[in-house]
Amino acid sequence: MIAIRLFRKESEFTQCLICAHKCRIKKGKVGVCRTILNREGVLYSINYGILVAQGADPIEKKPLFHFLPGSSSYSIASQGCNFRCLGCQNANISQSYRDGAYETYLEYYNGTRRISPDEVVESALNAHCKSISYTYTDPAAFFDYSIDVMVLAHKNGLKNVFVTNGYYTEESVNMTKGLLDAANIDIKFFNDDSYRRICGGRLEPVLEAVRMFHENGVHLELTTLLIDGYNDASAEIRGIADFIVSIDPNLPWHISRFFPLYKMKDGQVTRGENIIEAYNVGKTAGLKYVYAGNVKLDKYENTYCPSCKRLLIKRDGYSISENNIVSDNCKFCGYKIYGVF
């Protein structure tokens, strides 16, 4: 096990400062993410270097449409998550230990081979990737490992990407400064009660993290998993869109379709018309780049110039069949396009 960097020791507990839960962990206990252990007043990452997923993905899968489009990103994940989303789309790895006995998974962690940061970077280079993505669960659950990999990634010319629920503290956001190049952050709801009931978190820390990452110069794209009957009300969608505009109208917003999984299997697949309606709300609010995923309508996943409206990037699934961006600018009218190309 590896001692984490961000904690505050008190008399009866030690407080973790990685995520906005700021868990006060007593000796011998673990935090909300189930991956941080208090051993004699020091907090340890018990899943350090234990990966449950690794491999090359299209960067568009994150989804990131404005960051090195067409490139591959080496994606890694450890088990655990600081949220308990009832409709989690990756519950088999993010929630697998949430209801289990601590002794069971500690035995697993102790007996499993740990992969060094050097090995991850070497694998990414061998796979001809341009970046490493910390994804599938949440980087907060393997934060110190991510930091160590990110340092080596930069030394080897690779970019770093977080795919995250955005539930971070000022301390952890600042620790990523100069290391994190891009992030896709979920804005799951625009209602604090829904965040508490469905995710086990709060809204404001997510919004504050978006602000902080943006101020640090991180390339940002936002995602909302649209769930019929939960967050598809027009006022809530408009609230999310208006918030993004207030940060930067250039930030791409991905509206994604929900599939009934985990503890929300009684739900329904998001109706396509609801996704298109949310897309239109985003455009009306003033967002320059809005994308509707999983609706099998290519035009909603293509990138168009906000100025001349010409097609810039044509996407077929995760593949790019046409790219009319030259040196970050629209080939047709010269308008500067948000992103890293």
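Biologist: Hi! What is the strand order in the open sheet of three strands?

Modeller: The order is β2-β3-β4, and the pairing is antiparallel. Strands here are DSSP runs (E, at least two residues), numbered from the N terminus, and two strands pair if DSSP finds at least two bridges between them. This is a predicted model, where local features need pLDDT of at least 70, side-chain atom pairs count only at pLDDT 80 or more, and totals for chains, interfaces and linings use all residues. Residues are numbered from 1 along each chain as its sequence is written, and side-chain values use heavy atoms, with hydrogens and water left out.

Biologist: Which are the edge strands?

Modeller: Those are β2 (7-9) and β4 (24-25), each pairing on one side only.

Biologist: And how many bridges join β2 and β3?

Modeller: Three, with β3 covering residues 14-16. In β3, Q15 is the bridge partner of R8.

Biologist: Switching topic: where is L261?

Modeller: L261 sits in the loop between β13 (253-257) and α9 (272-285); helices are DSSP runs of H or I, at least four residues.

Biologist: Why does L261 count as partly exposed?

Modeller: Because its relative accessibility is 32%, and partly exposed lies between buried (under 20%) and exposed (over 50%), using a 1.4 Å probe and protein chains only.

Biologist: Now, how much space lies in the largest cavity?

Modeller: About 90 Å³. A cavity is a set of points on a 1 Å grid over the protein atoms alone where a 1.4 Å probe fits but cannot get out.

Biologist: Which residues line that cavity?

Modeller: Among them are C16, C19, H21, N82 and A140; lining residues have an atom within 4 Å of a point.

Methods. On a 1 Å grid over the protein atoms alone, a cavity is a set of points where a 1.4 Å probe fits but cannot get out, and a pocket is an open set with protein on both sides within 12 Å along at least five of seven lines; lining residues have an atom within 4 Å of a point. Grid points are joined across faces, edges and corners, and a volume is the space filled by probe spheres set on the points.
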